[in-house]
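User: Hello! I am new to this structure and would like to explore it step by step. Could you take my questions one at a time?

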Amino acid sequence: MSCQSGKLTTVGSIDSDLDEASAAQICGNPNIVWTIEDAGNKNNVYGMDFKGNIVRDIDIKNIKNVDWEDLTSDKEGNLYIGDFGNNSRKRKNFFIYKIENINNVEDETIAKTIQFTLPDNVKSEDFESFFLLNNQFYIFTKETKNFKVLKVPNTIGTHVATLVTEYNLKGKNNRITSAAISEDNATVVLLNHDKLWKLSNFKDDHFFEGDIEKIEFNHNSQKEGICFKDNNTVVITDEDSGKEDNNIYTLKL
């Protein structure tokens with residue numbers, strides 16, 4: 001594993017009405033960053049411009065925010081909510097919600113449901129991150145010591161997740177708070193509060209058998225959302241920790 005220092009560029013300050021911007025995703029419209037709030041907040045998806053202003057506010061009428069943690073999207077303009085937070089480690093049923101054609105939705109809509117349970121060889125753990133590759137969702141456990149990667153098919157209905165791999169990202173205070181894959185499917189990023197891991201030169205879904213590069217930000221805040229703006233640039237968002245402004249950043253990889 002190699003290591004380098006990355007310089008974040010602050011491009012906006014997230015609207016104070018969003019206490020917990022728990023994810024980031026660009027879906028179709030390159031000028032909007034979609035986000036959600038964490039457990040116990042509204043069942044809404046918010047679109048922000050790059051200054052952090054809320055420009056879209058969509059109420060998802062038929063689902064509940066049990067513990068929404070991350071967002072991903074497909075090339076058809078559909079947005080997916082990962083409802084799989086599990087702080088108590090007691091949850092048995094997890095959900096991914098599909099919002100079709102998010103950029104054509106007005107003020108409210110309904111979502112389609114993908115439900116999954118864990119395989120027998122995986123105990124109930126906390127999940128905060130996922131992305132979509134080849135019509136499979138790849139879901140990462142939060143803790144990075146012997147953490148696990150699961151996959152679930154992008155098909156409406158109920159599934160049992162499959163264990164893909166286990167890996168150990170060594171170090172202290174390493175937790176994966178969000179994940180993303182570039183549009184060309186060549187680069188995966190895993191986010192932490194003060195760093196990210198860049199995975200590249202892998203084949204298929206053997207993400208940790210290629211190059212692994214740790215990029216330290218020299219900046220520590222409660223970073224909870226990451227997505228790709230282009231194949232070489234990521235967008236990162238803060239969740240409000242109460243200690244400082246929560247911002248939108250960009251980083252050239």
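User: Which backbone nitrogen lies 2.8 Å from a polar atom of the side chain of threonine 141?

Analyst: Happy to start there! This is a predicted model, in which local features need pLDDT of at least 70 and side-chain atom pairs count only at pLDDT 80 or more, while totals for chains, interfaces and linings use all residues. Residues are numbered from 1 along each chain as its sequence is written, and side-chain values use heavy atoms, leaving out hydrogens and water. Threonine 141 is found in strand 12 (residues 136-141), and the backbone nitrogen at 2.8 Å from its side chain belongs to lysine 148.

User: Is threonine 141 buried or exposed?

Analyst: Strands here are DSSP runs (E, at least two residues), numbered from the N terminus. Buried means under 20% relative accessible area, exposed over 50%, and partly exposed in between, with a 1.4 Å probe and protein chains only. Threonine 141 touches Glu125, Asp126, Phe127, Phe147, Lys148 and Ile176, not counting residues up to four places away in sequence, where contact means heavy atoms within 4.5 Å. With a relative accessibility of 0%, threonine 141 is buried.

User: What angle lies between the planes of phenylalanine 131 and phenylalanine 207?

Analyst: Rings of Phe, Tyr and Trp (its six-membered ring) pair if their centres lie within 6.5 Å; planes under 30 degrees apart count as stacked, over 60 as edge-to-face and the rest as tilted. Phenylalanine 131 lies in strand 11 (residues 127-133) and phenylalanine 207 in the loop between strand 18 (195-200) and strand 19 (211-216), so their pair ties together parts that are 76 residues apart in sequence. Phenylalanine 131 is buried at 1% relative accessibility, and phenylalanine 207 is buried with a relative accessible area of 1%. Their centres are 5.6 Å apart and the pair is edge-to-face, with a plane angle of 80°.

User: What kind of pair do phenylalanine 140 and phenylalanine 147 form?

Analyst: Phenylalanine 140 and phenylalanine 147 belong to one aromatic cluster, together with Phe131, Tyr138, Tyr167, Phe202, Phe207 and Phe208. A search of the whole structure finds 15 aromatic pairs. For phenylalanine 140 and phenylalanine 147, the ring centres are 6.4 Å apart and the planes are at 35°, so the pair is tilted.

User: What is the bridge partner of tryptophan 34 in strand 4?

Analyst: Trp34 and Ile36 point one way from strand 3 and Val33 and Thr35 the other way, and all are buried. Strand 3 and strand 4 (residues 44-48) run antiparallel, with 4 bridges joining them. The partner of tryptophan 34 there is glycine 47.

User: Which side chain has a polar contact of 2.8 Å with the side chain of asparagine 44?

Analyst: A polar contact is a pair of N or O atoms within 3.5 Å; within protein, one must be able to donate a hydrogen and the other to accept it, and residues adjacent in sequence count only if both atoms are side-chain atoms. Asparagine 44 lies in strand 4 and is buried at 9% relative accessibility. Its side-chain partner at 2.8 Å is aspartate 57.

Methods: Pairing = 2+ DSSP bridges.
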